Amino acid sequence: MRRGLALPIIAVLGFAFLYAPIISLVVFSFNESRLVTVWTGFSLQWYAALFQDSQIVSAAILSLQIAATSATIATVLGTLAGLALTRLGRFRGKTALTGMVSAPLVMPEVITGLSLLLLFVAMEATFGWPSGRGFTTIVLAHTTFCMAYVTVVVRSRLIDMDRSLDEAAMDLGATPLRVFFDITLPIISPALISGWLLAFTLSLDDLVIASFVSGPGSSTLPMVIFSKIRLGVSPDVNALATIIIVVVAIGVAGATWFGMRKPKNR
C-alpha cells in the first residue's frame with residue numbers, strides 16, 4: 001500500500017512545486033493592492049493599467065512582429081537545410097553543414113549574442129548595413145538560432161518519410177519540383193507547422209540574444225518585463241503573465257482537441 005501511494009504523492013508534490021507559483025501569480029493579478037503578496041480585494045484595475053501602458057503594448061507588438069518574421073524565414077531556410085541533408089546524399093561540405101546546424105542548439109546564448117553583435121558592428125563598418133541595431137538585427141539573430149531547431153524537426157520527418165512515394169510520382173512523369181509540392185510538402189507539413197511554432201515561441205521568449213543585438217526604441221517584451229521586475233514585481237506584470245498563460249492554455253487545449261478529434265474522423 002505504501003509503495004502504491006509513494007508515486008502519486010511524489011507526482012502531486014512535483015506538480016504542486018511547478019504550478020503553485022503560476023496559480024499564485026494568476027490570483028494576485030486580480031489583487032486590488034499594489035503589493036503582490038498582500039490580498040486586499042478583487043479588482044481588474046491592473047488589466048486596465050496594462051493596456052494603457054504604451055511601453056508594454058508597443059513592446060508586445062514588436063515582439064510578435066519579430067517572432068512571426070523570424071519563424072517564417074527560419075522555417076523556409078530550415079526546410080531547405082533539412083532537404084539538403086537528407087535528399088542530396090553525400091556532398092562536399094555536408095559534415096560542416098551538419099555541424100553548423102547543430103552548433104546553435106548547444107551554443108550558450110551569451111556567446112551567440114556577443115558574436116552576432118560583433119558581426120553586425122563589423123558589417124556596418126564595412127558595408128554600411130545594417131544601420132544601427134533594431135528590428136532587422138533582432139530578426140537576423142533570431143533566425144540564426146531558430147533555423148537550427150526547424151532543421152532538426154524537418155530532417156527527422158524527412159528521414160522517416162517513405163521515398164517510394166516520390167519515386168512512384170517521378171515514374172509517372174512528375175518533375176522533381178512537382179513531386180516536392182504535391183507529395184513531399186503535404187507529408188512534411190506537420191513538421192513545418194511544428195517547426196514554425198517552435199521558432200515563434202523561441203523568438204518570442206528570447207531575452208539574452210535580443211539584449212545584445214537590439215538598440216534604442218527596439219526593446220522586446222521580455223526585455224521590458226525584465227527591466228520592470230528588477231525593481232520589484234508589479235501587479236501589471238502579473239496581469240500580463242496571466243494573459244499569456246491563458247492564451248497558451250487555449251492553444252494547447254485546441255491542439256489537444258484537434259489531435260483527439262482527427263483520429264475519430266478517420
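Colleague: How is the surface exposure of a residue read, and what is the relative accessible area of R87?

Modeller: R87 has a relative accessible area of 22% and is therefore partly exposed. Buried means under 20% relative accessible area, exposed means over 50%, and partly exposed lies in between, for a 1.4 Å probe and protein chains only. The model is a predicted one, in which local features need pLDDT of at least 70 and side-chain atom pairs count only at pLDDT 80 or more, while totals for chains, interfaces and linings use all residues. Residues are numbered from 1 along each chain as its sequence is written, and side-chain values use heavy atoms, with hydrogens and water left out.

Colleague: In which helix does R87 lie, and which residues does R87 contact beyond its neighbours in sequence?

Modeller: R87 belongs to helix α3, residues 54-87. Helices here are DSSP runs of H or I with at least four residues, strands are runs of E with at least two, and both are numbered from the N terminus. Contact means heavy atoms within 4.5 Å. With neighbours within four places in sequence set aside, R87 is in contact with L158, M161, R163, D166 and T184. As for L13, 74 residues from R87 along the chain, the two C-alpha atoms are separated by 47 Å.

Colleague: How is the packing of two helices described, and at what angle do α3 and α6 pack?

Modeller: Two packed helices are described by the angle between their axes and the distance between the axes. The axes are lines fitted to C-alpha atoms, for helices over the stretch in contact, and the angles run from 0 to 180 degrees between N-to-C directions. For α3 and α6 the angle is about 40° and the axes are 5 Å apart. That makes α3 oblique to α6; angles under 35 degrees count as roughly parallel, over 145 as roughly antiparallel, 65 to 115 as roughly perpendicular, and the rest as oblique. The crossing of α3 and α6 is right-handed, a term used if the near helix is turned clockwise from the far one by less than a right angle, anticlockwise being left-handed. By class, this contact of α3 with α6 has 17 nonpolar, 11 polar and 2 charged residues. Ala, Val, Leu, Ile, Met, Phe, Trp, Tyr, Cys and Pro count as nonpolar, Asp, Glu, Lys and Arg as charged, and the others, Gly among them, as polar.

Colleague: How far apart are the axes of α6 and α8, and which residues make the contact?

Modeller: Helix α6 (residues 135-160) and helix α8 (residues 176-205) have axes 9 Å apart and pack at about 150°. The two helices are therefore roughly antiparallel, and their crossing is right-handed. Among the contact residues are H142, F145, Y149 and R157 of α6, together with T184, I187, A191 and S203 of α8. By class, the contact of α6 with α8 has 14 nonpolar, 5 polar and 1 charged residues.

Colleague: Is H142 buried or exposed?

Modeller: H142, in helix α6, has a relative accessible area of 1% and is therefore buried. Residues up to four places away in sequence aside, H142 touches I66, S70, S203, D206 and A210.

Colleague: What is the relative accessible area of N238, and what does N238 contact?

Modeller: N238 is buried, at 5%, and lies in helix α11, residues 235-265. Beyond four places in sequence, N238 is in contact with L25, F28, S29, V36 and V233.

Colleague: How is a peptide bond classified, and which form does the bond from W129 to P130 take?

Modeller: Most peptide bonds are trans. The bond from W129 to P130 is cis, with omega near 0°. P130 is found in the loop between α5 (109-127) and α6.

Colleague: Where does UniProt place the transmembrane regions?

Modeller: The unreviewed UniProt entry lists several, including residues 56-85 and 135-158. UniProt positions follow the numbering used here, feature names are shortened, and annotations may be inferred rather than shown by experiment. In the model, residues 56-85 are 100% helix and 0% strand, with end C-alpha atoms 41 Å apart. Residues 135-158 are likewise 100% helix and 0% strand, and their end C-alpha atoms are 33 Å apart. The entry also places the feature "domain: ABC transmembrane type-1" at residues 60-256, a span that is 82% helix and 0% strand.
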